[in-house]
Amino acid sequence: MTVKDEIVTWFLRNIIIPKNEIIDSPGFIVLKLSMEKEVTNLREIFLPEFLISKLETCLVDKYGKKGKQLLYSIGKKFGYMYSKNSNYPTLETSTKKEFLNFTYIVVRYLEAIYAKKIKEEIDVENKIFKIKTGGYIICNENGLGYILTDGSIAGVWTYGTGDPTIEGVQVKCQGRGDKECEIICAPENYFKNKKIDFFKERDYSDLEICRKDYNEINKIRPTKFATNSFLKLLDSDFFEQKHGVITGKDGRYILLEASFLYILEKELKKVKDGLKILWGVSFDFGKKLAKISKADDPCKFIMEFFPALGFGDIMATKSGEKYEIYVNYFPWLKWADEINFTMFRGILSGVISGSVNKKVELKKIEKDISMGHLSLHISN
């Protein structure tokens, strides 16, 4: 892998080289980023910026302020869960120095994969966290960013401070015409005193995993069909990482802990047409991906591409007009029975449709964990 700038150098030295981010196993991307000796090996996936950006735009267009609140809630729960299950140090469980040192590491990690540059300002005593950044994911594209800017950062800071009243507001945004993005996370009284509008999310219940079950079900295993890892795609120049931006032929990609898929679908189920919108934007991305990648054989493309994004070991077949996708080692969370993996099925449906120039919808799904890992059988 070619080291192209100081951010990538830091990323390699501190994340890849010490195996904190495992990206060389086909079907798996695993993150270990914690101060504790006993860590949770978090499964991660790469998702396109286009998809999340379009989803935010569609939900805000349809639901207005309610849509913004929904997106913020998704993001905050995701950020809180991510921090909790990574065993991030908190003000309660660590010294101030340890807390600040680890916060620095987390910010550099975000800088390496989510932005071009991040400058942080921390007031521990008043529980205020501010960052100024450029080229930050999603919001630079749509001027919104409620999930991964306002919400997720607020969730991480809420967990770290132990203050449930912490909220996050993006007061400046490049996507809205500002020179840089500025995000503030602070107790709600901070925003009230400064007369800054903010959204609230205070439900942090059920946002934890059983570490033993999670690690066992999601552990890295040899794959039968997958041969491509994310590292292999980087080395082949399919993806490029430069200045904190990971891009493919079809645009920018974002590395996310896999609970994002679950939280997103669980929350979108709560609003009318939420899952319909998620399916639509996922399908559109899949079609775009197929066209740009010139995927004439959708089954071959699915088997080569999606395991490298962390979705597990995949076999795709076609018999007549019937397509069947078999996935072993799909990232598992305890909510597997509560969702139907709408985003994943939508993307695959779009890939097939874009490849064969005919609408194919993979509406059927079967889930199984009887073999000690999550398996999916998806078909039309």
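This is a predicted model: local features need pLDDT of at least 70, side-chain atom pairs count only at pLDDT 80 or more; totals for chains, interfaces and linings use all residues.

**Entry on Val 356**

I looked up where Val 356 sits and found it in helix H13, which covers residues 342-356. Is Val 356 buried, partly exposed or exposed? I read a relative accessible area of 31%, and because buried requires under 20% and exposed over 50%, Val 356 counts as partly exposed. Leaving aside residues up to four places away in sequence, I found that Val 356 touches Pro 298 and Tyr 323. I also checked Lys 287, which is 69 residues from Val 356 along the chain, and the C-alpha atoms of the two are separated by 10.0 Å.

**Entry on the sheet**

I then traced an open sheet of six strands, which runs in the order E1-E2-E3-E10-E9-E8 with antiparallel pairing. Its edge strands are E1 (21-25) and E8 (240-242), each of which pairs on one side only. Averaged over the sheet and with direction ignored, neighbouring strands are turned by 35 degrees against each other.

Looking at one pairing, I found that E3 (residues 42-48) and E10 (residues 251-257) are joined in the antiparallel sense over five bridges, and that Glu 44 has Glu 257 in E10 as its bridge partner. Helix H4 (residues 96-114) packs on this sheet, with E3 and E10 among the strands it touches, and its direction makes about 145 degrees with that of E10.

Note on methods:
Residues are numbered from 1 along each chain as its sequence is written. Side-chain values use heavy atoms; hydrogens and water are left out. Helices (H or I, at least four residues) and strands (E, at least two) are DSSP runs, numbered from the N terminus. Buried means under 20% relative accessible area, exposed over 50%, partly exposed in between (1.4 Å probe, protein chains only). Contact means heavy atoms within 4.5 Å. Two strands pair if DSSP finds at least two bridges between them. Axes are lines fitted to C-alpha atoms, for helices over the stretch in contact, and angles run from 0 to 180 degrees between N-to-C directions.
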